[in-house]
Amino acid sequence: MKAIISSEYGSPDTLQFNEIENPKPEDNEVLVKVQAASINYGNLVLLKGNPLLARLVYGIRKPKYTIPGGDIAGTVEAVGRNISQFQPGDEVFGDLSSSGWGAFAEYAAVPEKAIARKPLNLSFEEAAAVPMAAVTALQAIRDKGKLKAGQKVLIHGASGGVGTFAVQIAKALGAEVTAVVSTRNVNLAQSLGADHTIDYTKEDFAEQEQNYDLIIGVNGSRSILTYKRKLNNEGIFVNIGGGGSQLFQTMLLGPLFEICGNKKISSFMQSPNKKDLEVVRELIEDGKVKAIIDKIFKLSEAPDAYRYFDEEHLQGKVVLLV
Ligand SMILES: NC(=O)c1ccc[n+]([C@@H]2O[C@H](COP(=O)([O-])OP(=O)(O)OC[C@H]3O[C@@H](n4cnc5c(N)ncnc54)[C@H](OP(=O)(O)O)[C@@H]3O)[C@@H](O)[C@H]2O)c1
């Protein structure tokens, strides 16, 4: 089969498009014929081996997972002896980032727990755009953010992979949503259901009167103190992503604020799981959430896709068509 191979840490130029042997599913694995895959920030970490701490998991000197690719959508080709939930022909989607990666290839042998049935109303390209970004948004809003219907939510960085799902999922859970985006993404945020939009090139949410019950920092570029000031009493800030300083401040000051006051500043790490993939699938099949795709590349164009993703100003997701 054809696959993208990453045998050393570095830039997208290190990726090779090679012919290798097809994987064979173990007894507890499903062989998926990959139709589409997508790129997330984790792909950049695995590509570059940076931050260095990640090498404790991904390999110290070179990547131990040589076929990258977390998000996957495809058709079940064969199943191992112990597989009961899937059979050949089933259309599936999932996130392999916690189970050995391997989606940037024509076939992937994947554990049953990493995949779920693909939403009926999505193409393979759309389904591949969903798993990590949507599950991240869901867990940050529902679990860390403890969102209740009717609450006011600010999504800072609402137009990229995670942000577009965050707006829709917060709406689906009954929130009044304010999306912070740049000018060209105001219409996109409104089309996803945002009740209010703030164009960060013209206005500063921190200077406005409105405070929020929940602030989701998807690309949180402001100081933690600013986010804290903009929370209502009992409000929660969840730091999904942004600069290193936000992450550092959140980890250092978050526990302190929790002891000293009634506002919560939380760091967050998503955890891929089948149950939440199924929650997301239901939201999609109910018409409450859709996938936004910025650009589709061919598998052989993976280095270009990584470079494009790394520009950080996407409208939705970057997808690889296999
Ligand atoms: N904690 C976790 O478990 C977890 C999981 C997945 C992802 N993440 C993190 O989540 C973040 C977003 O991931 P993603 O895949 O959604 O990335 P992405 O698609 O590249 O996000 C880009 C978006 O961020 C917006 N943006 C960039 N700078 C901004 C700024 N200063 N203010 C407001 N918006 C800004 C861009 O909008 P404009 O073009 O309008 O600027 C663009 O829509 C990353 O930092 C990633 O590391 C964390």
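## Glu 234 and strand 12

Glu 234 sits in strand 12, where a strand is a DSSP run of E with at least two residues, a helix is a run of H or I with at least four residues, and both are numbered from the N terminus. Glu 234 is not a glycine, yet its phi is positive, at about 70°. Most residues other than glycine have a negative phi, and most peptide bonds are trans. With 61% relative accessibility, Glu 234 counts as exposed. Here buried means under 20% relative accessible area, exposed means over 50%, and partly exposed is in between (1.4 Å probe, protein chains only).

A quick word on what you're looking at: this is a predicted model, in which local features need pLDDT of at least 70, side-chain atom pairs count only at pLDDT 80 or more, and totals for chains, interfaces and linings use all residues. Residues are numbered from 1 along each chain as its sequence is written, and side-chain values use heavy atoms, leaving out hydrogens and water.

## The second largest pocket

Glu 234 also turns up in the lining of the second largest pocket, along with residues including Lys 146, Asp 213, Asn 233, Gly 235 and Lys 264. A pocket is an open set of points on a 1 Å grid over the protein atoms alone, where a 1.4 Å probe fits, with protein on both sides within 12 Å along at least five of seven lines; lining residues have an atom within 4 Å of a point.

The space in this pocket is about 160 Å³, a volume being the space filled by probe spheres set on the points, with grid points joined across faces, edges and corners. Strand 12 (residues 231-239) gives the largest share of the lining, 4 residues. By type, the lining has 1 nonpolar, 5 polar and 5 charged residues. (Ala, Val, Leu, Ile, Met, Phe, Trp, Tyr, Cys and Pro count as nonpolar, Asp, Glu, Lys and Arg as charged, and the others, Gly among them, as polar.)

## After strand 12

Beyond residues up to four places away in sequence, Ile 240 touches Thr 136, Ala 140, Val 162, Ile 216, Gly 217, Val 218 and Phe 268; contact means heavy atoms within 4.5 Å.

Thr 250 belongs to helix 8. It counts as buried, because its relative accessibility is 2%. Setting aside neighbours within four places in sequence, the contacts of Thr 250 include Phe 237, Asn 239 and Ile 265.

Helix 1 (residues 41-48) is mostly covered, with 6 of its 8 residues buried. Among those buried are Leu 44, Val 45 and Leu 46. Their cover includes strand 3 (29-38), helix 2 (55-58) and helix 10 (302-310).

Next comes Gly 49, with a positive phi near 65°. Then a cis peptide bond joins Asn 50 and Pro 51, with omega about 5°. Pro 51 is in the loop between helix 1 and helix 2.

## Another positive phi

Trp 101 isn't a glycine either, but its phi is positive, about 55°. Trp 101 lies in the loop between strand 5 (91-95) and strand 6 (107-111). Is Trp 101 buried or exposed? At 6% relative accessibility, Trp 101 counts as buried.

## The whole chain

Zooming out, the chain has 10 helices and 15 strands. Its radius of gyration is 20 Å, close to the 20 Å that the globule rule gives for 322 residues, so the chain is as compact as a globular protein of that length. That radius is taken over C-alpha atoms, and the rule is 2.2 Å times the number of residues to the power 0.38. Of the 322 residues, 53% count as buried.
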